[in-house]
Amino acid sequence: MKRIIRLNVNDNDYEVAVQPNQTLTQVLREELNLLGTKEGCGIGDCGACTVIMDGRPVNSCLVLAVQASGSKIETIEGVAQGHKLHPVQEAFVNLGAIQCGFCTPGMVLTAKNLLENNPNPTEQEIRKAMSGNLCRCTGYQKIVEAVQEAAAQIKS
Amino acid sequence: MKYDVLNTRLPRVDARAKATGDARYTDDLSMPHMLYGAILHSPLAHAKILNIDTSEAKKLPGVKEIITAKEAGPIKFGVSPARYDETILCIDKVRYVGDEVAAVAAVDYETAQKALSLIRVDYEELPRYLNVFDAMKEGGVAIHDDHPNNISAEVHNEFGDIEKAFAECDIVKEGTFSNKKQDGAFLEPQACLANYDLNGNLTLYSSTQSVHYVQRTLAMVLNMPVGKVRVVKPYVGGGFGPKASANSMELICCLLSMRTGRPVKMCFSREEVFMHSRARHQFFHELKVGAKKDGTLVAVQNKCYLDGGAYSSFGIATVYYAGSLLTAPYKLPNYKYDGYRFYTNKPTSGAQRGHGSVVARACMEQLLDEIAEDIGMDPIELRLKNIMEKDDVTCNYFNMSSLGARECLEAVRDGSDWKSKKGTLPKGKGIGMAAAFYVSGAGYSIYRSETYHATAMVKLAEDGGTVDLYTASAEIGQGSDTTFTLIAAEALGLKYEDVHVHSGDTDFGIDLGAYSSRQTLMTGHAVKRAAEDLKRQILDVLAAEFQIPAGDMDIKDSYMVFKNGTPDFSGIRTKYIKEHRGWVDQPEGDRLTFREAARIVYLKKGVIVGGGAYKPDELGGTFKGAAVGTSPAYSCSAVVAEVTVDEQTGQITVDKLTDAHDCGFAINRTNVEGQMQGSVYMGLGETLFEEVKFDEKGKLLNPTLGEYRIPTMLDMPNVNTIIVESDEPNGPYGAKEVGEGAILPTIPAIVNAVYNAVGVRINELPVTAERVFMALKEKNEKGKE
Amino acid sequence: MQLLPKFEYYEAEDIDSACSLMSRFQSDGKIIAGGTDVLVNLKEGKIHPANLISVSKISGLSGIMEQDSHIVIGSHTLVSTLAEDRLIKGEFPMLAKAASNLGSPLIRNRATIGGNIVTARPAADLIPPLMALGATIELKSLDGTRNLTLEEFLVGPGQTTIRNDEILTKVILPETAPYSGGDYIKLGHRKSLEIAIVAVASFIKLDKDGMTIQDAKVILSAVAPKAIHAVSVEKALIGAKATAEVFETAALKAISDCRPISDIRGGSEYRRDMVAALTRKTLLKAFKEVMGEKIF
């Protein structure tokens, strides 16, 4: 039986009727048409489905939509302000941290969340915080450099 | 040569869309009235299909169509026409756990999955062959009737006189090297959306590396005129080879759309990616390398068994590449290769980054290290002693029209501080190196044809001074859209942002797609020619307009420039401003803008399109299989790896990597570095972690990204990335490949570093901690005897 | 899309309603906390409960507090909290270390200590340090409360002595005595997103002069159906002098304390050799902690 849940996504309030077995990934993509959150594996192994839930980055493929009722969710669509990119996004664009782009929404959200909690991370702290987000294209180096650049930009 | 937009670090044209989540990949697409498809897979590795009963499944509410081989038909397809051995759905037998038996279209995925569980299939099991050694035994059941000995393809080449050559060697080393089946492990699973419309036109949106090969396959198998089949590639989340050929899901999806009259979407689960991706083969190499005592390389003998899985796919090319790519970058006058690709009852293997040559190179570089050690020569010195130079030709007729191999070796030697580290590191720490070369596009298309390998059109916009570039090439993450935008902008003299690229659509022309690292060189040429053609047409019109020779004019940074002083263009400006009454950003200043000039050209000519096409010259020798491995140009690369090995557990940490890659000319420096780092990364993963595992019934044991391990951010060190530019005469602006080559030396560099650290030579991938520990244990026990 | 099978979902408001729902559904009901194990098992078809009962909105089920020289951890406390909490890092660094290596940062932000214990994977990350530290758990049902040690609670892979209508509510750890130290090492292939090939948790308590081992707990995991004590190692350590030689000899005894299988993560011979290596390493590190070094 469907039930009504309330989600706050990117500062917008939604009321959605969902099945108990729908994941947060499915509801974001199929009910709210927020297609930036991707599914790479469905079982928490890759991080492509990362969203920020109540201030913490999580695998949305392992959150039931009904579990997320009442929560504050941030997806990739909520990061830029209109056409003004967040410093993390600017750094990713300028430093070559994006190739195929499929891991990018998850990477951007995890990095943004990291810098909000730790504005001056060491390289090791960056790598540890983002070690649940897999990338097959870049080898991670330019992603790490972009996060360091974003940290510097935010500071100044 | 100083360029305006080339060789810089301009951001990718698609970066912002990807950074914001705006980029649409195939599974993000939908159409009204869309159905969802699902595939029924064989649970058995080898069996006859006796009967398929879909009656219960058909009754399920929400099911709109079910197909089996009866509806799918008997037309065979594959990659190489010489080896078309697949049908959309299995007709009389299944050949691996995962082989496609039936398919369903329903109103949602849940219903489609439920319908699959209601289809009853009766099988009669056949003996299964899960490795090459079982498959090659006499007296077995042929997996394909027309290949009674289960050999899918075999190659035999000899160059020079191998027996005589070995007899003349002072030192001969023999060794073996093998890997396991490995996977592309791209983050985006394949997906497709097919729409067969009311006019009988079929459009397929698919996560593919080649819209052209998919289009041809669809037309052939579905028995439709090519002109009624269009294939479009949305954003793709990585390919690495397995997405370079048409797959059954694409055909099934189209067929379901044709039969239901509705759009149909399908996508692979991660498990299905492992089942259906034609990824890296398992190779068993036996190599013999002979040299003189001063280190001169004399002869190499290479025998290889390839485990091809149930069908051919790219395999006929793979078995050639497993041999042909050892003849450089070192001078080698004598070479013998015998390769055998076997069918087995496992998922099919095809092309993956470095196609066919990866394990051969690892074996060769390990044996070269053994020779160096035996004769007391530094490994880098040994390579330098034998290194080929520009214009050298290999014994199998590959022409090194440019080759920065010496530069690559010296760059990694100096960049890694090799001289001070080699031989001085404490026990448990090691340094190792390797070098390799690779093709810049296959010299011949996979089907025999005189077709162009790439065509491109550049259309001048009627207003606004921009151009639209049309290419059927595939941006799969490697940056080709950006490469072609830059080439067109440079050739035309326009600002980067004034070129709009449209790609990945069979409506835009012919392009063989993103495989064998061909696009920068081949499509790049086509784009450059199209842009130059357009520029000629533009300057011809302006020459008549200004009564100045076309050769005295040029376009730079979206402005017109004149050799002998700017002519009076006030008339042009006045006309332009009058036509654009109401605009606020009217052109001003003493330079004639391109948008004004372009407007004149439109008013004079109406339609201005530049066209360019490329196909390589006839390449290669005349022996059988000479075509494979030929290329208009070859890249080369070298890697130095530094590792720490924990002898208590066998765990390897790669501390540092230095990579030098000769890409001819870096169209975009950031993107070239990104490709180098990505290819090295994949090499690290395939060395340390990656293997696809099967149980004794042929079922996949680890079809997840948790148990098929690609390195995380904590496993991959930074790479000292050194671009070498040797200026390739056969490449546009001197450019040649960078997407694949770097993986080849990475694997043996790490393996050689492990030997340097703890004294064991591992010749089986992946080099897991357990493998290292057991090798050390055996070595220590032998030492005690 | 990896789909979930159909089920009914209940959001329990308090422990009593959770227990009565579980009592009603018996084996057709399953508690879901973070969901990082339950939802994976559901997607992979390993479990098929018709009803999921969520305990995430029950107040008072998460948190870390000191109580009568014990540290009480609510069962719904997030693994990421355990990894970062000052009290845990100060008092039980090996537990914080284990928490910080569980899965990935994204998993840790949903996984709970209670979930890790009840799911009872043979390679569960939090169980070995908890056992080494002498943890007990509190289980509540409609009939009342009971307390068990982890040794009493764990039965085998995915199996515990939890009753159908019970909820795990608290994990209770005695504060560590002076002159004690511990370490946990998880052997994986990669440095993140791993399930242990082998893992060992060691905890030693020395006497006042820092020379003799008064108590030792060495827990081996992923080498048996559940985490086990390396009984002969513990026996060899207690009463012995705390030296590298003693640790070395004792560690080798771990090999005979377990009978690991070969599976997709590793071979049995390698696992046996690794229990010895990891026992030795963790004992040496535990000793360093006794001497005042920070191990995490």
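pLDDT is the predictor's confidence in each residue, on a scale from 0 to 100. Colour chain C by pLDDT to begin: the average is 96, and 100% of the residues score at least 70. This is a predicted model, in which local features need pLDDT of at least 70 and side-chain atom pairs count only at pLDDT 80 or more, while totals for chains, interfaces and linings use all residues. Residues are numbered from 1 along each chain as its sequence is written, and chains are lettered from A and ligands numbered from 1 in the order in which they are written. For the complex, the predictor gives an ipTM of 0.99 and a pTM of 0.97.

**Stop 1: chain B, whole**

Show chain B as a cartoon. It has 21 helices and 25 strands. Both are DSSP runs numbered from the N terminus: helices are H or I with at least four residues, strands E with at least two. Along the principal axes, the C-alpha atoms fill a box of roughly 95 × 75 × 50 Å. The radius of gyration of chain B is 28 Å, which agrees with the value near 28 Å for a compact globule of 785 residues. That radius is taken over C-alpha atoms, and the globule rule is 2.2 Å times the number of residues to the power 0.38.

**Stop 2: a sheet in chain B**

Select E16, E23, E24 and E25 of chain B. These 4 strands form an open sheet in the order E16-E23-E24-E25, with mixed pairing. Strands pair if DSSP finds at least two bridges between them. E16 (429–439) and E25 (719–724) of chain B are the edge strands; each has a single partner strand, so one side of each lacks a neighbour in the sheet.

Now zoom in on E23 (634–645) and E24 (652–662) of chain B. They run antiparallel, joined by 10 bridges. Pick Thr644(B): its bridge partner in E24(B) is Thr653(B).

**Stop 3: the two domains of chain A**

Colour chain A by domain. The assignment, automatic or from a database, gives domain 1 (3–78) and domain 2 (87–155). Their centres, taken over C-alpha atoms, are 21 Å apart. In domain 1 of chain A, 14 residues are in contact with 11 residues of domain 2 of chain A. Contact means C-beta atoms, placed from the backbone, within 7 Å. On the domain 1 side, strand E3 (50–53) of chain A gives the largest share, 3 residues.

**Stop 4: where chain A meets chain B**

Select the interface. Here 39 residues of chain A are in contact with 44 residues of chain B. On the chain A side, the elements giving two or more residues are helices H2 (87–94), H3 (104–117), H4 (123–129) and H5 (141–155) of chain A. H2(A) gives the most, with 4 residues.

Notes
Contact = placed C-beta atoms within 7 Å.
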